[in-house]
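Student: I am new to this structure and would like to go through it step by step. Could we begin with the terms and then look at individual places?

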Amino acid sequence: MLDIFSRIKYKIQSLVSMRLYILLLILIVGIVPMIVLTAGLISAYRSRALSLRVSEVQQYGSFIINRFFSNGALMNTEDTSVDDELSLMASIYGGRIIVVNQDLTVVRDTYGQETGKILIAQDVVRCLKNNSGSFVNRSGQYGEVTMPVASQDSDTAQGVLVITFTLRNIDSMTRVLNQKATVYIIIIILAVGVIALIGSKLIARPLNVMNKTLSHLSEGYLDEEVSFTGYSEIKKISDSFNRLISRMKSLESSRQEFVSNVSHELKTPITSMKVLADSLLTQENVPAETYREFLTDINEEVERENKIINDLLSLVKLDKSVGEVHVEEVNINELLEGILKRLNPIAQKRGIEMVFESFRPVTAEVDEVKLSLAISNLIENAIKYNVDDGWVRVSLNADHKYFYVKVSDSGIGIPDEAQGLIFERFYRVDKARTRETGGTGLGLSIARNAVMLHKGAIKVYSKENEGTTFTVRIPLSYIP
Ligand code: ADP
């Protein structure tokens with residue numbers, strides 16, 4: 001049951017396609033204006049033909065009144081000479097002529113039925129009263145013109161001339177026109193329909209090709225370049241896709257590199273431990289001191305492994321899509337003082353002097369844990385890669401938008417060619433030396449990611465054998 005519903009839903013969704021919209025658009029634009037125009041033209045024709053017929057009938061009416069009223073013949077029932085003229089006119093217009101006097105008595109009727117009777121019709125009474133004529137469209141088939149019977153210089157009407165005339169010929173003409181228009185409209189609808197079907201298929205074709213190519217890509221054929229042809233918009237989409245694909249490829253290769261680096265880094269301590277353990281196991285009568293010495297080495301390797309794993313976890317947590325950011329108002333002076341206090345014993349061991357210089361009190365919206373991690377790594381490096389009895393200087397400053405932390409040292413410095421690489425994961429300038437100092441090559445990556453998470457910037461200035469300065473710039477208000 002559910003399956004049928006989902007199938008119907010899918011069918012409806014696939015019907016609401018761009019092709020359907022184009023089809024409807026062409027049909028509407030092609031057909032609706034034509035129907036409106038035809039209907040408008042036919043109705044204009046009808047009203048024009050009607051007004052022509054009315055003015056023609058009125059002219060005849062005036063002619064009759066002028067000719068037969070002034071000599072008294074029109075209202076004189078005895079005079080039959082008028083009847084012929086009236087009958088002729090009535091037959092020309094396919095209608096009837098009635099003459100009513102002031103008492104509303106019918107004095108003449110071309111049908112001869114109403115003579116002598118009283119005719120009380122609204123428009124007749126009005127015509128007599130107002131001394132003005134009017135036209136009424138009776139029941140669609142007949143029109144009626146009423147005209148006051150009066151001499152040209154008189155204000156009061158002596159009677160009313162009622163001329164009824166047929167509208168059938170106008171109606172039949174309109175009907176013929178309507179029929180012809182309908183035939184043409186049907187032919188045009190069919191033609192526009194065919195054009196719309198073909199046109200919409202042609203317009204939608206590049207999109208269908210694009211869809212096929214992209215489905216092919218999503219199956220994993222990322223090595224192929226896409227090239228859509230058609231409109232300039234589609235070409236732009238294919239360029240964007242190629243950029244996206246090359247970005248995905250570079251992400252994929254950096255991911256693979258990272259995984260292989262991680263495995264390598266994690267394997268190194270394990271290999272050392274294995275070598276140490278094996279050499280103990282293969283020797284006989286090993287003195288207790290050798291055991292102690294080797295186990296101390298194994299312990300160091302375990303610690304190193306632990307450090308790498310912790311650093312990797314910190315790095316993963318700094319990934320925006322995985323970790324959460326806990327932003328709060330933090331006193332940066334206190335934060336830096338805390339870090340320096342914590343690291344001071346390590347510095348003192350090598351006679352390194354630590355100086356904190358604050359230009360102003362700074363509070364900022366930051367994630368305290370993540371920012372501490374970044375700054376700690378910088379200061380730890382400044383101690384690790386320093387000379388004995390050297391110095392580390394940390395300074396804090398701010399303007400209206402950012403605060404700036406500067407970590408300078410009197411250490412060994414970083415060679416120019418390595419300065420662009422030190423933020424890469426696992427990169428170490430001197431592998432042997434960092435092993436001694438316990439570096440994992442992840443510290444600066446962690447620092448950079450934490451700074452990036454705060455929409456800040458980190459830069460390095462260094463000269464070999466003179467010292468290194470890292471500057472960090474972070475916005476005072478957190479930018480999500
Ligand atoms: P590590 O854990 O090895 O210290 P980092 O990512 O923190 O890794 O640093 C990468 C490399 O950059 C280090 O191995 C070191 O060679 C160099 N480096 C970092 N900070 C300094 C510094 N203050 N002085 C000299 N070299 C440094």
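Tutor: Let us begin with one term: contact means heavy atoms within 4.5 Å. This is a predicted model, in which local features need pLDDT of at least 70 and side-chain atom pairs count only at pLDDT 80 or more, while totals for chains, interfaces and linings use all residues. Residues are numbered from 1 along each chain as its sequence is written, and side-chain values use heavy atoms, with hydrogens and water left out.

Student: Which residues is glutamate 265 in contact with, leaving aside its neighbours within four places in sequence?

Tutor: They are Arg304, Ile308, Phe426, Arg428 and Lys431. Glutamate 265 itself is found in helix H6, residues 232-282. Helices (H or I, at least four residues) and strands (E, at least two) are DSSP runs, numbered from the N terminus.

Student: Is glutamate 265 buried or exposed?

Tutor: Glutamate 265 is buried, because its relative accessible area is 7%. Buried means under 20% relative accessible area, exposed over 50%, and partly exposed in between, with a 1.4 Å probe and protein chains only.

Student: What joins the side chains of glutamate 265 and arginine 428?

Tutor: A polar contact of 2.6 Å joins them. A polar contact is a pair of N or O atoms within 3.5 Å; within protein, one must be able to donate a hydrogen and the other to accept it, and residues adjacent in sequence count only if both atoms are side-chain atoms.

Student: Phenylalanine 426 was in that list of contacts. Where is phenylalanine 426 found?

Tutor: Phenylalanine 426 is in the loop between helix H10 (416-419) and H11. Although phenylalanine 426 is not a glycine, it has a positive phi of about 70°. It is also buried, since its relative accessible area is 5%.

Student: And aspartate 389, what is its phi?

Tutor: Aspartate 389 has a positive phi of about 60°, and it is not a glycine either. This residue sits in the loop between H9 and strand E9 (391-398). Its relative accessibility is 62%, so aspartate 389 counts as exposed.

Student: Let us turn to the ligand. Which residues come nearest to it?

Tutor: There are 20 residues around the ligand, and Asn381, Tyr385, Thr440, Gly441 and Leu444 come nearest. A residue is near a molecule or strand if one of its heavy atoms lies within 4 Å of it.

Student: Which polar atoms lie by the ligand's oxygen atoms?

Tutor: A polar side-chain atom of tyrosine 385 lies 2.7 Å from an oxygen atom of the ligand. For lysine 384, an N or O atom in the side chain is 3.2 Å from a ligand oxygen. Leucine 444 has a polar backbone atom 2.8 Å from an oxygen atom of the ligand.

Student: How much of the ligand does the protein bury?

Tutor: The protein buries 97% of the 530 Å² that the ligand exposes when taken alone. Accessible areas come from the Shrake-Rupley method with a 1.4 Å probe; for residues, only the protein chains shown count as cover.

Student: Which elements give two or more residues to the shell around the ligand?

Tutor: They are helix H9 (368-384), helix H12 (443-453) and strand E12 (467-475). The largest share, three residues, comes from H9.

Student: How do the residues of that shell divide?

Tutor: Nine are nonpolar, eight polar and three charged. Here Ala, Val, Leu, Ile, Met, Phe, Trp, Tyr, Cys and Pro count as nonpolar, Asp, Glu, Lys and Arg as charged, and the others, Gly among them, as polar.

Student: Now to the strands. How do E4 and E5 pair?

Tutor: Strand E4 and strand E5 (residues 159-166) pair in the antiparallel sense over eight bridges. Two strands pair if DSSP finds at least two bridges between them. Threonine 146 stands opposite valine 162 in E5.

Student: Why is E4 largely enclosed by the rest of the structure?

Tutor: Strand E4, residues 142-149, is largely enclosed because seven of its eight residues are buried.

Student: And how many bridges pair E1 with E2?

Tutor: Three bridges pair strand E1 (residues 96-101) with strand E2 (residues 106-109), in the antiparallel sense. Isoleucine 98 has aspartate 109 in E2 as its bridge partner. Their hairpin has four residues between the strands, and there leucine 104 takes a positive phi near 65°.
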